[in-house]
2 protein chains.
Amino acid sequence: ELAAHAASVFKTRRLDGIQLTITAGPTREAIDPVRYISNHSSGKMGYALASAAADAGAIVTLISGPTNLACPERVTRIDVTSAQDMLEAATSTLDHCQLFIGCAAVADYRPAIAADQKIKKDNDTMHIELVRNPDIVSTVANHAKRPITIGFAAETQDLLRYARGKLERKNLDLIIANDVSNTDIGFNSSENAVTAIWQEGQHTIPQMSKSQLAAQLINLIAEKFFAAKS
Amino acid sequence: ELAAHAASVFKTRRLDGIQLTITAGPTREAIDPVRYISNHSSGKMGYALASAAADAGAIVTLISGPTNLACPERVTRIDVTSAQDMLEAATSTLDHCQLFIGCAAVADYRPAIAADQKIKKDNDTMHIELVRNPDIVSTVANHAKRPITIGFAAETQDLLRYARGKLERKNLDLIIANDVSNTDIGFNSSENAVTAIWQEGQHTIPQMSKSQLAAQLINLIAEKFFAAKS
């Protein structure tokens, strides 16, 4: 019985001592001091993953965009605002990071110019020129000190096809595909359902609470992590 | 002593039975199902005003953009997302509204077209064409069933000049000017400092907690309200 107990403890400490970086929440890209562009994201999924990974024994650094969530226990949080800030924080962890989960809803584009002062609304129309933001998860996955790298794909159509395309294009080890057109799940919801996709297969996790889902995902991620390392 | 107590209770019930509508928080203007444009606003100032007004006996309808705040006690909340939603909710209260406080950080512009599906990032740059949003507080102040109308001005420069300009141009009874270039106050801070400006004068309230400030502002607003009515 003691052995069984030890095995179950061992099983729940699947990421014991593993250095994990996880990004969560949205980023905000300044138009001027009062206006910004952002993405819908409560941060709940990323925070749930950070919490589940810490439960599994990982040493977790959570790089978080603006959310209203409390930092999970035994997790070190770095607060950032823009995608560029987030990239800097992420690459700063790569010296020791063994596993990277990019769960943040990073803004793909930022205003080409962020105005120092509030732009006055003199006109009936306004044009904003946007430039591409760095792709954080892809930068990490193609870095010289590349950790095992997991991404997320939030899509509103052709979910699995787009997600598999991103897995290849971004050089990821695993991608978690999330259908955000379904308003029952994702974004501000406390539940989610996802399909985890890797080179040779995929696994669908049905709708459940984000904390339950996070625990299942961390198990799957631990499996892929040790398979890649062996 | 009883008379003094009654007077003090009376003093704190300055808006007894007055129908008050207050807008609070940011609005979000959809670019597509995952991306939006917004303004920095925690909603704290508007919620503090709603709470102070309810304490003063007002019958408060709080029209709120996305925030993470709990609805104050004895306040009826209507949740909205975009400026157009907020305008509709605001005008729907004008049949009975006697006092209107526009505290929301309404997005001045919205994307000319909100895409049904997530826009794919095929290009290095992207242009967003924006069109002007309705000016909610100005629409209310110029309505046939015009209540006493209070606005807010969040500025990063020439605060009092811009604010006084808005008081005139928008036909407001009072405007509360807020220097948002000072990071100690405003936005996500729990403290604020403002200058209330009306046709014949102005009054500065120094930095203090948003709830204390809200109580002082409600006293001032009640004074202006009954002066305008008499």
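Which residues does A:H127 touch, not counting residues up to four places away in sequence? The legends below take up this residue and several other sites.

This is a predicted model, in which local features need pLDDT of at least 70 and side-chain atom pairs count only at pLDDT 80 or more, while totals for chains, interfaces and linings use all residues. Residues are numbered from 1 along each chain as its sequence is written, chains are lettered from A and ligands numbered from 1 in the order in which they are written, and side-chain values use heavy atoms, with hydrogens and water left out.

View 1. A:H127 touches B:I128 and B:E129 when residues up to four places away in sequence are not counted, contact meaning heavy atoms within 4.5 Å. The residue lies in strand β8 of chain A, residues 125-132; strands (E, at least two residues) and helices (H or I, at least four) are DSSP runs numbered from the N terminus. With a relative accessible area of 55%, A:H127 is exposed, where exposed means over 50%, buried under 20% and partly exposed in between, for a 1.4 Å probe and protein chains only. The C-alpha atoms of A:H127 and A:R74 are separated by 45 Å, the two residues being 53 apart along the chain.

**View 2. Helix α2 crossing helix α6 in chain A.** Two packed helices are described by the angle between their axes and the distance between the axes. In chain A, the axes of α2 (residues 44-55) and α6 (residues 210-229) come within 8 Å and cross at roughly 55°; axes are lines fitted to C-alpha atoms, for helices over the stretch in contact, and angles run from 0 to 180 degrees between N-to-C directions. The helices α2(A) and α6(A) are therefore oblique to each other, a term for the angles left when those under 35 degrees count as roughly parallel, over 145 as roughly antiparallel and 65 to 115 as roughly perpendicular. On the α2(A) side the contact involves A:K44, A:M45, A:A48, A:L49, A:A52 and A:A53, which meet A:K210, A:S211, A:L213, A:A214, A:A215, A:L217 and A:I218 of α6(A). These contact residues divide into 10 nonpolar, one polar and two charged, with Ala, Val, Leu, Ile, Met, Phe, Trp, Tyr, Cys and Pro counted as nonpolar, Asp, Glu, Lys and Arg as charged, and the others, Gly among them, as polar.

View 3. Nine of the 12 residues of α2(A) are buried, so the helix is largely enclosed by the rest of the structure. Among the buried residues of α2(A) are A:M45, A:Y47 and A:L49. From its first C-alpha to its last, α2(A) reaches 16 Å, close to the 16 Å expected at 1.5 Å a residue, the expected span being 1.5 Å times one less than the number of residues. A:G57, with a positive phi near 95°, follows the helix α2(A).

**View 4. Helix α6 of chain B and what covers it.** The 20 residues of α6(B) should span 28 Å at 1.5 Å a residue, and its end C-alpha atoms are 28 Å apart, which agrees. Its buried residues include B:L213, B:L217, B:I221 and B:F225, and what covers the buried residues of α6(B) includes α2, β6 (99-102), β9 (148-155), β10, β11 (191-198) and β12 (201-209) of chain B. The crossing of α2(B) and α6(B) is right-handed.

**View 5. B:K166 and B:N171 in chain B.** B:K166 is found in helix α5 of chain B, residues 159-169, and is buried, with a relative accessible area of 8%. Leaving aside neighbours within four places in sequence, B:K166 is in contact with residues including A:K118, B:E155 and B:N171. B:N171 is placed in the loop between α5 and β10 (174-179) of chain B and is partly exposed, with a relative accessible area of 34%. Most residues other than glycine have a negative phi. Phi of B:N171, however, is positive, near 65°.

View 6. A:D158 lies in the loop between β9 (148-155) and α5 (159-169) of chain A, and has a positive phi of about 45° although it is not a glycine. A:D158 counts as partly exposed, at 43% relative accessibility. A:R161, in helix α5 of chain A, counts as exposed at 57% relative accessibility.

Note on methods:
A crossing is left-handed if the near helix is turned anticlockwise from the far one by less than a right angle, and right-handed if clockwise.
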